[in-house]
Amino acid sequence: MSRYIYSIVRCLPDPRTGEFVNIGAIAGDPTTGDWSLRQLSNLQRVRRFVDRPILETATGCLLKLYDEIERNQAALLEDGGEPLGEDWLDRLHRDYRNIVQFSAPAPVIANDAQEALAFVFEQLIVDPVESPKHRSVTRHALQSHMRRAYQEADIAEHLVRAKVQLHVGARLQSPMDFAIANGRVVQLTQTWSFRLAQVDEVPDRVKSWGYAIGRFRDGEEARVVDAFGNISRITRDVDLEVVVAPPETPEEMRAYEEAEQVFDNLGAEVHSSQDVGAVSTKAAELARSL
């Protein structure tokens, strides 16, 4: 277990009064960059106290922070950035003094960011929809797990390209977590988590991601560009692997079943997070041809 820090995210309908409602929390390990953010599963109670425009501003702020965390974690996977540190959370606490505020950072001992958030929600935030026993899994955790599997399969580091862009035709792009490539792509791998407090948006993201892949599967010209601008050619029959954190709740299961149709249509091999070794073993075999 490691030392994590957390801050509760508050929405203030009228900052002059100081009255607030908790709408979420953020927690992370400043050393490794394992950060995660969680919003209340149901904002119905909050809407009774907060006008819609103010609540939309607050939730929009959370989305921006989520994107910032995602970008930082992507940079870490590419070995091109520094983890968001404790000073980052301190700045959020100091700088946000209006509709959205962050409580003073505090420590908590946990195995990962999701476990830290589970503790915070169980002890400090009322969220009747989300069971405290439910363990969420972030895509960052899946990506880290997948990267370790590639390393354990003894694939040359320069062949494992993280956070690449698939370009289809002249304008269409889609991000991919990993490509095994060196001028030619032999495997694409994407991670998706269906074990999340807010899982309803995942199927739409899968469909958007899958659209470009479907186009090149249908024969459109495509290429993969890595973080350093290196281009690798790709053929429509490339090995496509998907690693998922499998669903547990009925809501998560519905989201997965919707996304599963996309995976099937793309001819992707789907593996649970416990089976990443099968993906890396296949990658090692394919990499011999590079």
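Accessible areas here come from the Shrake-Rupley method with a 1.4 Å probe, and for residues only the protein chains shown count as cover. By that method, the protein chain exposes about 14,400 Å², and carbon and sulfur atoms supply 47% of this area. Please keep in mind that this is a predicted model: local features need pLDDT of at least 70, side-chain atom pairs count only at pLDDT 80 or more, and totals for chains, interfaces and linings use all residues. Residues are numbered from 1 along each chain as its sequence is written, and side-chain values use heavy atoms, with hydrogens and water left out.

Let us begin with the overall fold. The protein chain contains 8 helices and 12 strands; these are DSSP runs numbered from the N terminus, with helices being H or I of at least four residues and strands being E of at least two. Its radius of gyration is 20 Å, close to the 19 Å that the globule rule gives for 290 residues, so the protein chain is as compact as a globular protein of that length. That radius is taken over C-alpha atoms, and the rule is 2.2 Å times the number of residues to the power 0.38. Of the 290 residues of the protein chain, 51% count as buried, where buried means under 20% relative accessible area, exposed over 50%, and partly exposed in between (1.4 Å probe, protein chains only). Taking a contact as heavy atoms within 4.5 Å, residues 24 or more positions apart account for 69% of the contacts with a separation of 6 or more. As for charge, the protein chain has 33 positive and 45 negative charges, and their mean positions are 3 Å apart. Lys and Arg count as positive and Asp and Glu as negative, while His and the chain ends are not counted; each charge is placed at NZ of Lys, CZ of Arg, CG of Asp or CD of Glu.

Now to the cysteines. A disulfide is a covalent bond between the sulfur atoms of two cysteines. With the cut-off for such a pair set at sulfur atoms within 2.5 Å, the structure holds 0 disulfides. The sulfur of Cys 11 lies 9.9 Å from the closest cysteine sulfur, in Cys 61, which is too far for a bond. Cys 61 is likewise in no disulfide. Cys 11 counts as buried, at 0% relative accessibility, and Cys 61 is buried with a relative accessible area of 9%.

Most residues other than glycine have a negative phi. Asp 154, however, has a phi near 60°, a positive value. You will find Asp 154 in the loop between α5 (139-152) and β6 (160-168), and at 70% relative accessibility it counts as exposed. Lys 163 also has a positive phi, near 55°. Lys 163 sits in strand β6 and is partly exposed, at 22% relative accessibility.

Gly 18 belongs to the loop between β1 (2-11) and β2 (21-29), and its 39% relative accessibility makes it partly exposed. From Gly 18 to Leu 84 there are 66 residues in sequence and 29 Å in space, C-alpha to C-alpha. Arg 91 is part of helix α3 (residues 86-95) and is partly exposed, with a relative accessible area of 35%. The C-alpha atoms of Arg 91 and Pro 105 are separated by 10.0 Å, with the two residues 14 apart along the chain.
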